Amino acid sequence: MLMNAAQMHIKYKLILPLVFLLFGIMLYPLFFSLWLSLQDYRLTRINDVQFVGLENFGLIATDPSFLNAMGNTISFVVGAVILELILGLSLALLIQKLVIFRGAIRSILLAPMFITPIAVGLMFRFLLNSEIGIIPFYLLKVGISLDWFGPGLALFSIVLIDVWQWTPFMLLMFLAGLEALPKTPFEAARVDGAGRWLTFSSITLPLLRPVIVVALIIRALDAFKVFEYVFAITRGGPGNSTETIMYYIYQTGFRFFRMGEAAAASILLIIFILIFVILIVNLSRPKVIK
Amino acid sequence: MGQVTFKNLSKSFGPANIIDGINLEIRNSEFLVLLGPSGCGKSTTLRLLAGLETVSSGKILIDGKDVTELEPRERDIAMVFQNYALYPTMTVAQNIGFGLKAKKTPPKLIKEKVNDIAELLGLTHLLNRKPNSLSGGQQQRVAIGRAIVRKPKVFLFDEPLSNLDANLRLEMRAEIMKLHRELGATTIFVTHDQEEAMAMADRIVIMDNGLIEQVGTPTEIYFQPKTRMVAGFIGNPSMNFIEGQISKNCEISMAIGRIKVNIPPNSGKDVEVGIRPEKIKLDERKSKPTEIKVKVLVTNVELLGPRAVVKMQHESGQQLTSVVDHNEMDKYRVGTKISVSLASQALHIFPRIRD
Amino acid sequence: MIISFENQLSRFLGTIAIFTAIIVVLFPFFWIFLESLKPPSLGGRPDVWFFEPTWENWSEIVLNSGVPLNILNSFFIALITVVISLICGAPAAYAFSRFRGFHGARYSILAAEMMPPAILILPLFLLLYKLELIDSRIGVIIAHLTFVVPVITWFLIGFFDEVPKDLEDQAMIDGYTRFQAFYKVILPIVRPGLGAAAVFGFVLSWNDLFYSLLLTGAESRTLPVAIASFWTFRGIELGKMAVAILIAVIPVLILSYSIQKHLIRGIGGSGVKY
C-alpha cells in the first residue's frame, strides 16, 4: 500500500520520526544481534567471520558459567524484588500515616533511586569494605565479624545494595497507588468494625493489586540488567559467585571478544525475560482486569 | 445565512450503526434542538456536522454547499462543548480571540472584537484571568463568547448546560435564547433534557437508535406525538399506556373498558392507547359515549409543588398516573376507590410493537 | 505526634521505623560528604570523625583532573539525547494517546523500554566501530537514545491521555489544522509533562554506565565512567572519588526533586491502567 505524504493520515505522520529512529537504533541492531548470534564473530579476528548456525547457542547453553550467571541473576532478582516489595509497601503505609513532615520524609526516602548506580556501588564498596569500611568496623566493635564481599555473603550484599537504591521506586509506586484508592471502602470497613489487619488484607491489598503487579514487573525487568554493582565491587567474584548475566555478556563480548557467543547469550536472556513477563501477566491478569 | 441539510446521513463504528440514514432540513436562523435518550446518536450527529467525525455515507450541505469532506475549520461553524473545552493555558481574552487568530485577523481587530464580545457577555473584568479560576457559569460564557466572536453560519451546542446547577441553567438558557434572537444565526442544540428542549426550540428533532422519530415544534411534539417512542419520552410524568384491540367499527377494547374512536389507527389490530396524566379527570357523572369511565383504587399520592401525582390501579391490574392540582388533593385518598374518565379526543393510538 | 496510629506502641514502632529508614538512606550521603572533606592522609579511616575539613580533594578534582571534561561530556550527551527524544517522542506519544489502532504500539514502546542493554550493546559497538564513532559523543548519544526515547515516549503518553479530547476538537473548529491543534493547544498544556519527561530522560542518560563504559574513550568519557575509574583499593583516592560522586549526584537530586510529583504518572501512570 503506497501513499504519498499528503494523503497519509496525520497519525502516521506523527509517529514517523519515532518509527524511523527506533528502526535505526533498536530494530536494526536487534536483527544484527540475531545474525551475530549465528556467526563465529571474534573481535580479535574481525575479518574472519564464519557462519556457525546454532553452535553458539549450544556452547552457551552448556557453558557452566552461563548457567551459573543465570542462576545468580535469578536469585538476585527474586531476592531483591521481594525485599523491595515488602519494604516499599511497609514504608508507603507508614508514610501515609505521617501527620507532619510527610512531603519532606518522602523526598528523602525517594532520593536513592535517582543517583547513578555506579556511585551507589562504589559508596557501598567502601562502606562495607572489611578493612576500611565503617560498617564492618563498628560491627566488629559489637562483636560481629562479617566479610560482606566474601564467598558466602557477596551476592546477598549486592541484593542489599539494590534494595537500598530501588526500594524507593516501589515506595513511589505504592504511595501513588494508595493515594488513588477510593475512600469509601475504608469508611465502610470502619463502620463495619474491621480491624487494621483485616482492612489491610481484605481491602488495601486487593485494591492495590494492579499497582503491585506493574511495580513488580518493572522492577524485576530492571533488576535483570544489574551490572554496575558487580562491576564496581566484586567483578563477579569471589570465584564467580556474583557473576550476573549482564556481567557475563560483558565479559564474553568485551573481555574475551567472543561477540557471537555474547549475542547468543543476550538472545537467550531476552527469551527468558519474555517467558517471565508472559507468566507474570497471565498469573495476575484475571484479577487485574475486572 | 446558515441552512443545513442532511441527506441520508449515516455513521457506523465497525458493525454498529450510530446514525442510520437521517434526512433533515434545518432552516436559516432556526433554533433547532436535537433531543433523545443518551446513546441515541444526537451528539454524533452534531459532531458529524462539525466535521469532528467522518461521515460513513450520505451528505451534509451548508447553504447548499457540500461540506461532507471538509475539515472542521473549513465549515464556518462554532461549537460549545459540554465541558466548555476552554484552553487552560490561555487567558479568557486569548481563548475568545483564538479562532480569529487562526484566520490571521490583525491583533488590533481581534482585541476590539474580543472586547465587544466580553462586554456583551459581561466578561470584561475577567479578560486576563485563566479559565480554571472562573466559575462554571463564567466558563460557559467564555465558551459562548468564543463561539459567537467569529460570526459563524451555524452554532452547535453539545449539552452545554448539563454541568451547571439548576438556577444557573435557567439563567444561561435565557441568555442563549436572547443571543439567538439578537444574532439570528442558525443554532443546533443537543440536549437530553426535554424541558430545556421545549423551552428553547423553534423545532425539536427527537432521535432514538440513530433514527429521527419526529421533527416538529414543541407543541406538535407534545400534543401530536407521531410514534410510541416520542409519546413515551416526552412529558413528565410520562404518558399512560394501555394495551387494547381495535375492532372493525373503530372500537377499542381494553382491560379497563371499551371506547369508540374517530380516527382509525393506520395499521394493525393490536394497539397501545396513550393518555397524558393531566387528561385523566376525576369524574362522578354518568358516562358519555366519547369517554371511558374507570373505577380505580388510589395507590399513592405525591405532592410536587403546585401539582400532585396520583397513582391509581384498575382491578385488571392496569396502572394509571394522573396529575392534579394540589388543592384537589383531598379528593384522592390512598386506599379509596374513585372513578375517573378518559376522553376519546385525549387518546393517542399507536400500533403495538410485539417483542 | 508524628504518625497517626491508634495505640501508643504502634505509634512508637512506626516512628522508629521511619527514623531508621531515614538514617539508612542519608548515612551514605553523609559519609561520602565527610570523605570528600577529609585530608587525603585520613582518607578511608573508619575511626576518624573529627578532623580539620579541607577543600584539597575538591580543588584537585576541579582544577587538576579530567572530571570537568567528563561533566561537560555527560551534560552535552544527556542534553542532546533528551532533545532528540522529545522531538521524536512527543508527536508519537500524542498519536498513541489519541488515535485508534495504536494499542499494540503502546506496548511495543514498553517492550523497547524493557529491552536489556546486553542485546543492543554488541551490534551498537560493532556498528559504531565500523563508522569510527567509538570514543565519540555521537556514539554515546545513539546508545542512550535506545533507552531514553522509549522512556520519554511512554512517560508522555500518560500526560497526553489526561488532556480532554474536546480541546483539539475545539481548536479544529476554531480554524486550526489537526497538527496546529497539537502544537498550539495540546503541547502548551502538557508543558509540565514535557519538562518532567525531559528531566527524567536527562537523569537516565547522565546516570548510565554500561553503554558509556564500552563506547567512550579519553575524549568522550562521561562522569559515571570517570567515577568507575577511581576503582581502587588505595584509600588515598577515596577523597577524590567522593568529590566526583557528589558532583554526579547533587545536580540529579535537585533535578529529580523538582519533578517528583510528575514521576508517578510518567513511570507507572499509563502502566497502572492496564
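Me: Which residue of β17(B) is the bridge partner of Leu304(B)?
Reply: Arg307(B) is that partner. Keep in mind that this model is predicted.

Me: What makes β16(B) and β17(B) a pair of strands?
Reply: Count the bridges. Pairing needs at least two bridges between the strands. β16(B) and β17(B), residues 307-314, have eight, in the antiparallel sense. Therefore they count as paired.

Me: What lies between these strands, and which residue has a positive phi there?
Reply: β16(B) and β17(B) form a hairpin with two residues between the strands. Gly305(B) takes the positive phi, near 65°.

Me: How do you know that β16(B) also pairs with β19(B)?
Reply: The test again asks for at least two bridges. Seven bridges link β16(B), residues 291-304, to β19(B), residues 337-343. So this antiparallel pairing passes as well. One bridge sets Ile292(B) against Leu342(B) in β19(B).

Me: What holds paired strands together in general?
Reply: Strands of a sheet pair through backbone hydrogen bonds, and they may run parallel or antiparallel.

Me: What makes β9(B) and β10(B) a pair?
Reply: Five bridges join β9(B), residues 203-208, to β10(B), residues 211-216. At least two are needed, so the pair qualifies. The two strands run antiparallel. Val205(B) stands opposite Val215(B) in β10(B).

Me: Which residue in the turn of that hairpin has a positive phi?
Reply: Asn209(B) does, at about 50°. The hairpin of β9(B) and β10(B) has two residues between the strands.

Me: Why are β2 and β5 of chain B said to stand at the edges?
Reply: Look at the order of the open sheet in chain B: β2-β1-β4-β5, with antiparallel pairing. β2 (16-26) and β5 (65-66) each have a single partner strand, so one side of each is left without a neighbour in the sheet.

Me: How many bridges do β1(B) and β4(B) share?
Reply: Five, in the antiparallel sense, between residues 4-13 and residues 57-62 of chain B. Phe6(B) has Ile60(B) as its bridge partner in β4(B).

Me: Why are α7(A) and α9(A) called roughly antiparallel?
Reply: Check the angle. α7(A), residues 154-180, and α9(A), residues 196-224, pack at about 155°. Angles over 145 degrees count as roughly antiparallel. The two helices are therefore roughly antiparallel to each other. Their axes are 10 Å apart, and the crossing is right-handed.

Me: Which residues make that helix contact?
Reply: From α7(A), they include Trp166(A), Phe169(A) and Met170(A). From α9(A), they include Leu208(A), Val211(A) and Ala215(A). By class, the contact of α7(A) with α9(A) has nine nonpolar, one polar and two charged residues.

Me: Why is Lys104(B) called exposed?
Reply: Count its neighbours. Lys104(B) has 7 C-beta neighbours inside 10 Å. The cut-off for exposed is 12 or fewer, so Lys104(B) counts as exposed. Lys104(B) sits in the loop between α2 (92-102) and α3 (107-121) of chain B. Its phi is positive, about 60°, although it is not a glycine.

Me: Why is Phe257(A) called partly exposed?
Reply: Phe257(A) has 15 other C-beta atoms within 10 Å. Buried needs 20 or more, and exposed needs 12 or fewer. A count of 15 falls in between, so Phe257(A) is partly exposed. Its place is the loop between α11 (245-254) and α12 (259-288) of chain A. Phe257(A) also has a positive phi of about 60° without being a glycine.

Me: Is the peptide bond from Asn236(B) to Pro237(B) cis or trans?
Reply: The bond is cis, with omega near -5°. Pro237(B) lies in the loop between α8 (228-233) and β11 (240-246) of chain B.

Me: How many residues of chain C are in contact with chain A?
Reply: 70 residues of chain C are in contact with 68 of chain A. Helix α12 of chain C, residues 238-272, gives the most to the chain C side, with 15 residues. That side divides into 56 nonpolar, 12 polar and two charged residues.

Me: How many residues of chain C are in contact with chain B?
Reply: 14 residues of chain C are in contact with 18 of chain B. α7(C) gives the most to the chain C side, with six residues. By class, that side has eight nonpolar, three polar and three charged residues.

How values were computed: Residues are numbered from 1 along each chain as its sequence is written. Chains are lettered from A and ligands numbered from 1 in the order in which they are written. This is a predicted model: local features need pLDDT of at least 70, side-chain atom pairs count only at pLDDT 80 or more; totals for chains, interfaces and linings use all residues. Two residues are in contact if their C-beta atoms, placed from the backbone, lie within 7 Å. Helices (H or I, at least four residues) and strands (E, at least two) are DSSP runs, numbered from the N terminus. Ala, Val, Leu, Ile, Met, Phe, Trp, Tyr, Cys and Pro count as nonpolar, Asp, Glu, Lys and Arg as charged, and the others, Gly among them, as polar. Axes are lines fitted to C-alpha atoms, for helices over the stretch in contact, and angles run from 0 to 180 degrees between N-to-C directions. Angles under 35 degrees count as roughly parallel, over 145 as roughly antiparallel, 65 to 115 as roughly perpendicular and the rest as oblique. A crossing is left-handed if the near helix is turned anticlockwise from the far one by less than a right angle, and right-handed if clockwise.
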